[in-house]
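Colleague: Could you walk me through reading a few features in this one? I'd like the general idea, then the case here.

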Amino acid sequence: MIRGSGFGRVASVTLAVVALVACGGGESAAGDSAADDGRLRVALLTAGPVSDAGWYAGAYEGLLLIEDSLQAEVSHQQTRTPTEFDEAFLAYGSEGYDLVFAHGYEYQDAAMRAGPQFPDMSIVVSGGGRIGENVAPLVFSLWEGSYLAGMAAGGITRSGVVGMVGGVAIPPAVGTFRAFEAGVRAVRPDAEILEAFTGSWEDVAGAKEAAVAQISRGADVIIHNTDGGSFGVFQAAREATMTGDTVWALGMNRDQNDVAPDVILGSAVIRVPAAFISVAAGLVAGERPGGAPIYEGAAQGVVDFVPNPQLLDRYPAGLIDRIRAAGDSVRAGTLEVPAVPFVDGEAG
């Protein structure tokens, strides 16, 4: 089933945590490194603004959910350079934080340097690939959602040309595009697929320029894998449609359907709050992250494809059912979606 919300899983985890804390589990969870008042201390690092309506916004929602559900002390820093990464880990480690979510592949080297310095602090790197004793990559199998988005694009395109606009060509981002291509070809084998990376997650103008270039080559459905740059892709689709073309966009990383509901057909989503609260609840229960990857995907209800409910009439007859059936197969493990390995020790 293609779900419109991941809060059912969040709510169930939250109720379990509340029960645990009520029974006294919260006091032991913080351990020796907790604040003086015994509260769990959780920090979030992002390399971009949490106003992006996507990757970073979802992480910040997760941090606030931890604050509300666990009565945790929380902190957020936006850090842009490797030096700032190191300084942030040093600050949180020195202040006795229990858990730091470093939300991005770019944090993994700094996390591996900080881990041995602060053995009582757990570090979780979203989209990372390196593993330490107290450092764990949080691997979102977003490629599963982007495969389903590709099926939507393949079924809706009239020109037979679809586009992909990315930020930085890191393995997790490249993997989502390989899966998207496979999804397109599962429905439209003869489709032409265009790809561009701007080199920046936040460059709105650059993402718009890349999308406009793809539209000029006939693309009538475009997916992005950017952060703030997504607004440029959505604007390019809107402007093309206003001039008489019909161009659709697809969201990524978060349910972005309400960002531009007139042109976004659906979103390949990561329900980051569900994953974050699960990790934090595990820490409360005495399960410290580290030593192994944490996988969160379709099977856990964290990754999905969410069609825009306002544009369901734009989907050809039977396409939603076909996407739904493929999603069920992905969750059941009977449909294997192409992926690009990036975790240490992971087979290609």
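Modeller: Let's begin with helix 7: what covers its buried residues includes helix 6, strand 6 (161–166), strand 7 (192–197), strand 8 (221–225) and strand 9 (248–253). Contact here means heavy atoms within 4.5 Å. Helices (H or I, at least four residues) and strands (E, at least two) are DSSP runs, numbered from the N terminus. This is a predicted model, with pLDDT of at least 70 needed for local features and 80 or more for side-chain atom pairs, while totals for chains, interfaces and linings use all residues. Residues count from 1 along each chain as its sequence is written, and side-chain values use heavy atoms, leaving out hydrogens and water.

Colleague: Which residues of helix 7 are buried?

Modeller: Buried means under 20% relative accessible area, exposed over 50%, partly exposed in between (1.4 Å probe, protein chains only). In helix 7 the buried ones are Pro172, Ala173, Val174, Gly175, Thr176, Phe177, Ala179, Phe180, Gly183 and Val184.

Colleague: How do I read an aromatic pair?

Modeller: You describe a pair of aromatic rings by the distance of the centres and the angle of the planes. Rings of Phe, Tyr and Trp (its six-membered ring) pair if their centres lie within 6.5 Å; planes under 30 degrees apart are stacked, over 60 edge-to-face, and the rest tilted. That rule gives five aromatic pairs. One of them is phenylalanine 101 with phenylalanine 276, stacked because the centres are 3.9 Å apart and the planes at 15 degrees. Phenylalanine 101 sits in strand 3 (residues 99–102) and phenylalanine 276 in helix 10 (residues 272–284), so the pair ties together parts 175 residues apart in sequence. Both phenylalanine 101 and phenylalanine 276 are buried.

Colleague: And what about phenylalanine 177 and phenylalanine 197?

Modeller: Phenylalanine 177 and phenylalanine 197 form a tilted pair, 5.4 Å centre to centre with 45 degrees between the planes. Phenylalanine 177 belongs to helix 7 and phenylalanine 197 to strand 7, so this pair links parts 20 residues apart in sequence. Phenylalanine 177 counts as buried at 0% relative accessibility, whereas phenylalanine 197 is partly exposed at 26%.
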